[in-house]
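Hi,

Here is the structure I promised to pass on.

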Amino acid sequence: MMCNIKIIACGALFLLLTGCSSLERKSAIPPDALNKAQIAGLPSVRYLISTQAGIDDLVKDVVTLETTRGVKAFTGDANYLALSGGGDDGAFGAGLLVGWSEQGSRPAFNLVTGISTGALIAPFAYLGKDCDPLLRKVYTGIGPSDVYIERGILSGIFSDGLADSTPLYQLISKYVDAQFLQKIALEYNTHGRWLLIGTTNIDAGLPVIWNMGRIASIGTPEALDLFRKIMLASASIPGAFSPVMFDFLLGSEAFQEMHVDGGASTQVFLYPSLAAAKAKAMGISRRQHREAYIIRNARLDPRWNETERRTISVAGRAISQLIQTQGIGDLYRIYNTTQSDNVGFNLAYIGSDFNEPHTQEFDSAYMNALFRYGYDQAVKGYPWKKYPPGFQAAFDHDATPKEAQQIQKHHPQKYKPD
């Protein structure tokens, strides 16, 4: 979850300058053993999607789950939902989903993915409109004290984060209980619906995708604790919030992985393109009509901001621009995957017409206004964008025949060949 960019920049710079000693922890898993280590009692609950072994595991699990559901598993339409990071801008996605339910055309999603604030929304979006009151309550009824406690500057520098995210963990725990996990397990096992949340293994510098449906299916107190910790980890901006430590076993030897915000790897994800390619090569059946809905909890246009001539201000502004640029790149990556895989692309984001003052992180007034903004647009029928920003200008006149065919197929009202 996005914390104050200036605070993050301040902490990062201070740490680089001081070189202070680190807190104690167990050894990190050696790089050649990442795919072999398991959480005790919770095996095979994550995918290292940057490795071939991780892709193979994901495809194998898809096939296994679908096979257990019989011959109808791959029939009918499919709808996918990807929820991005964005901190308190997650109020946009929450409002959009609630308004979409009110409008009446919101589908049940076969796949829901989440990063950062999107990871906090994803389990509720996965369970459908019955959870809309909870989404509304969380994204319109909280303030900064419900998310973090600021540490003193020295305490923060010599700890592992400038803020204590215990309030956020308590907020997650309030709504994500054993009964909540039973509902997710039922959808996963009975209907073959997937819930995936992304974090970043900061030791390995790798993105990790967690199979939340499988974790919920295990159903133990340890599984519930892991489920909550993954949500917290995905929302833990490095340097701002403390990282989340996960205990792993490699044989009988104990190790730890340090996980932080999934946004350190990607702002939004749908599914690995390599997994789709492998499934196709294996001849695995696919549903004929598939639509992907991507909710980017951010603006896509650059916002003008006069920057103070100070180190922290310049660094904070640069980090903000890097995050925005990364998010746009992620949208193009997803678009390329959907077009290659014959999946419809539908994008929602905060428009340039929303200009509510934003005085602090998790400002209640700002979040309420943004929730209402997303809600109102969805109730009217949200005008989903069919391509990422800037796509049309780049391809209208320079498309290859294959690209032109794809553009005409998915955007016939937009593409006008020479």
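Let me start with a helix pair: helix 8 (residues 178–191) packs against helix 10 (residues 221–234) at an angle of about 85 degrees, and their axes are 10 Å apart. The axes are lines fitted to C-alpha atoms, for helices over the stretch in contact, with angles running from 0 to 180 degrees between N-to-C directions. That makes the two helices roughly perpendicular (the label for 65 to 115 degrees; under 35 is roughly parallel, over 145 roughly antiparallel, and the rest oblique). Helix 8 brings Ala 178, Leu 181 and Ile 184 to the contact, while helix 10 brings Ala 223, Leu 224 and Phe 227; contact means heavy atoms within 4.5 Å. Those residues divide into six nonpolar, no polar and no charged (Ala, Val, Leu, Ile, Met, Phe, Trp, Tyr, Cys and Pro count as nonpolar, Asp, Glu, Lys and Arg as charged, and the others, Gly among them, as polar).

Before going on, a word on the source: this is a predicted model, where local features need pLDDT of at least 70 and side-chain atom pairs count only at pLDDT 80 or more, while totals for chains, interfaces and linings use all residues. Residues are numbered from 1 along each chain as its sequence is written, and side-chain values use heavy atoms, with hydrogens and water left out.

Now the annotated site. The unreviewed UniProt entry has an "active site" annotation covering Ser 116 and Asp 261; such annotations may be inferred rather than shown by experiment. The two are spread over 146 residues of sequence, yet they cluster in space, with a largest C-alpha distance of 5.9 Å. Ser 116 sits in the loop between strand 3 (111–115) and helix 4 (117–127), and Asp 261 is in strand 9 (residues 253–261). Helices (H or I, at least four residues) and strands (E, at least two) are DSSP runs, numbered from the N terminus. Ser 116 is buried at 3% relative accessibility, and Asp 261 is buried too, at 2% (buried is under 20% relative accessible area, exposed over 50%, partly exposed in between, with a 1.4 Å probe and protein chains only). Their side chains make a polar contact at 3.0 Å, that is, a pair of N or O atoms within 3.5 Å, where one must be able to donate a hydrogen and the other to accept it; residues adjacent in sequence count only if both atoms are side-chain atoms.

As for the whole protein, there are 15 helices and 11 strands, and 50% of the 418 residues count as buried.

Cheers
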